[in-house]
Amino acid sequence: MKVILMKKNSCNKSLGTSYEKQLCEYLKSKGYWCFLTPYNPNGQPCDVIAIKRNKAFLMDAKHTSTHIFSFSNVRPNQASCFEYANAVAEIRQTGFAIYSEATKDWRWLSFETLQALQKYSNASVAVEYLSTLEKIICD
């Protein structure tokens, strides 16, 4: 999949929207029905809803120009959405699709893994230790 890198001086919203759209296109190319949630300046619960054969994902698209993903990029509304989806709808596939310029691919950080890492005072993760998104969605 070809990912278009944005210029360094692009604003975060433009950068985010570009990666959200590219994530949806990638998921569609793998046979998923994909919905990009509308932008809300107060924050939306997640960026992407993807479904294939009764397997639903709630994802937030993230980007890192390095090999490190900082947990400071996770917003409280995202955590609340994933907790609620798990508790009420029993949706277990919640988390972050991270495009890393270091690895040149999409990686998956589940919300469950994020919580476990934070429990042990981790503030970031090296993307090389995360599964590729392709492996997760094709299982």
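These are my notebook entries on a predicted model of one protein chain.

**Conventions.** I number residues from 1 along each chain as its sequence is written, and I leave hydrogens and water out, since side-chain values use heavy atoms. As the model is predicted, local features need pLDDT of at least 70 and side-chain atom pairs count only at pLDDT 80 or more, while totals for chains, interfaces and linings use all residues.

**Confidence.** I looked up pLDDT, the predictor's confidence in each residue, from 0 to 100. The protein averages 88, and 88% of the residues score at least 70. Over residues 1–15 the pLDDT is below 50. Beyond near neighbours in sequence, that stretch still has 23 contacts in the model, a contact being heavy atoms within 4.5 Å. Where pLDDT is low, the predicted coordinates should not be read in detail.

**Inventory.** I found 4 helices and 8 strands. Both are DSSP runs numbered from the N terminus: helices are H or I with at least four residues, strands are E with at least two. Along the sequence the pattern reads α-β-β-β-β-α-β-β-α-β-β-α. Of contacts between residues at least 6 apart in sequence, 56% join residues at least 24 apart.

**Surface.** The protein exposes about 8000 Å², and carbon and sulfur atoms supply 52% of this area. Accessible areas come from the Shrake-Rupley method with a 1.4 Å probe; for residues, only the protein chains shown count as cover. Buried residues make up 40% of the 139 residues. Buried means under 20% relative accessible area, exposed over 50%, and partly exposed in between (1.4 Å probe, protein chains only).

**Sheet.** I traced an open sheet of 6 strands in the order S1-S2-S3-S5-S6-S8, with mixed pairing. Its edge strands are S1 (33–36) and S8 (131–132), each of which pairs on one side only. I take two strands as paired if DSSP finds at least two bridges between them. S1 pairs with S2 (residues 48–52) in the antiparallel sense over 4 bridges, and Cys34 has Ala50 in S2 as its bridge partner.

I then checked the helices against the sheet. Helix H2 (residues 76–89) packs on it, touching S3 (55–64) and S5 (93–100), and its direction makes about 165° with that of S3. Helix H3 (residues 111–119) also packs on the sheet, touching S5 and S6 (105–110), at about 65° to the direction of S6. Axes here are lines fitted to C-alpha atoms, for helices over the stretch in contact, and angles run from 0 to 180 degrees between N-to-C directions.

**Strand S5.** S5 is mostly covered, with 7 of its 8 residues buried. It runs parallel to S3, to which 8 bridges join it; Lys62 stands opposite Ile98 in S5. S5 and S6 pair in the antiparallel sense over 6 bridges, and Tyr99 stands opposite Trp106 in S6. The hairpin of S5 and S6 has 4 residues between the strands, and there Lys104 takes a positive phi near 60°.

**Other positive phi values.** Most residues other than glycine have a negative phi. I noted Asn54, in the loop between S2 and S3, with phi near 65°; Asn54 is exposed, at a relative accessible area of 81%. Glu90, in the loop between H2 and S5, has phi near 55° and counts as exposed at 58% relative accessibility.

**Cores.** A nonpolar core is a set of buried Ala, Val, Leu, Ile, Met, Phe, Trp, Tyr and Cys residues joined through side-chain atoms within 4.5 Å. The largest has 19 residues, and those with the most contacts inside it are Leu23, Leu27, Met59 and Leu133. H1 (12–29), S2, S3, S5, S6 and H4 (133–138) each supply at least two residues of this core. The largest share, 5 residues, comes from H1. Leaving aside neighbours within four places in sequence, Leu23 is in contact with Val48, Met59, Ala61, Ala97, Trp106 and Leu133.

A second, separate core of 18 residues includes Phe96, Leu109, Leu114 and Val127. I looked up Leu114, which lies in helix H3 and is buried, with a relative accessible area of 1%. Not counting residues up to four places away in sequence, Leu114 touches Phe71, Val74, Phe96 and Leu109. Leu114 and Phe71 are 43 residues apart in sequence and 8.1 Å apart in space, C-alpha to C-alpha.
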